[in-house]
Amino acid sequence: MSNKLNSKLSLPVIISILLHGILIIALGYKFVSDTGENYGSINGNSIDAIMIDPSVMTEQYQRQLQTQVNQQKADQKTQELLDKQIKELAEKAEAEKAAAEKAAAEKAAAEKAAAEKAAAEKAAAEKAAAEKAAAEKAAAEKAAAEKAAAEKAAAEKATAEKAAAEKAAAEKAAAEKAAAEKAAAEKAAAEKAAAEKAAAEKAAAEKAAAEKAAAEKAAAEKAAAEKAAAEKAAAEKKAKQKAEQAKKDKALNDLLGGLTSGTPSSGGAASRKGVSDGELDKYKSLVQNAISNKFINPPNVYRGKTCELQIQIAPDGLLLNVTSKGGDADLCREALAATKLAAIPKPASSLYNEVKTMNIEFQPK
């Protein structure tokens, strides 16, 4: 930029210097010519003289130089503005060119994409059409092949079925014949085996029956012997218990002064002395409660039914015997069982003669 400015300044300065040199030469020449012609002449009016002031020339030169510099500055500023405008115009032109190129590129890309899309769609349509045609052709060929295969298979099946039917008929006839022969042989063998088995079973049954009869006879004899022995032992035990009971009764009678013997005695009137009916009923109530505690009356089956029990006890309340004297048979059976399990309370010594053999009207609670 400085070289350009120097080049611009050097030419005007040179021109200005040349012009000033020419002017100075011209003025000097005129001065010399005028001086030579009129030097020493006096016309009586005036004396012509021309003088050039160097300071005036210098000032004039400086003004011209300043004017040139100002002009150069103005030209430079104008040139800078012009350059700026040119630069802006160039940049704008470049931007417009870039935008135009971009728009053109985008348009070209869009047109290319549209063309490619159209081509792809066309290719896809052509491919789909080709595939559809191929599929239809393949389907037609497949159908034709399947039809031919089905007809062939049907023909082969018919032939095979016919052959199989003929073979089956022959095999069936042969099998039936063999089965008939086998059945006849098996029947004969089975009848023979059944006869032999029946004979063996009959012999075995007769043998088993004989053995069973012998065993039953032996068991019956053994059971009879055991029963006889048990009855004998029970009789002996009962006789022994009876003897012991008689002995106890005798000892008790002796102890109580013969009140239990059934014969009148001088102390018989005293046996009821001091014993009231209330005490007797109270004791019998206790006995009945003891029996009821052992009696099971599911869902009040025996409600409203009664059984008369005759109970024999020892002085300590031990049950010696119990029997039923009347009433509902089922209730009496259960009442007898409950009495045998019951804990009969010990009576007072003054009550024993009255309760050693007592009748109880038992009714379930």
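**View 1. Contacts of His20 with Tyr61 and Gln64.** Apart from neighbours within four places in sequence, His20 is in contact (heavy atoms within 4.5 Å) with Tyr61 and Gln64. The model is predicted: local features need pLDDT of at least 70, side-chain atom pairs count only at pLDDT 80 or more, and totals for chains, interfaces and linings use all residues. Residues are numbered from 1 along each chain as its sequence is written, and side-chain values use heavy atoms, with hydrogens and water left out. His20 belongs to helix 1 (residues 2–38); helices (H or I, at least four residues) and strands (E, at least two) are DSSP runs, numbered from the N terminus. His20 counts as buried because its relative accessibility is 14%, where buried means under 20% relative accessible area, exposed over 50% and partly exposed in between (1.4 Å probe, protein chains only).

View 2. Strand 1 and strand 2 are joined by seven bridges, and Gln310 has Thr323 in strand 2 as its bridge partner. Six bridges connect strand 1 (residues 307–313) with strand 3, where Phe362 stands opposite Cys307.

**View 3. Alternating side chains of strand 3 (residues 357–362).** Met358, Ile360 and Phe362 point to one face and are buried.

Note on methods. Two strands pair if DSSP finds at least two bridges between them.
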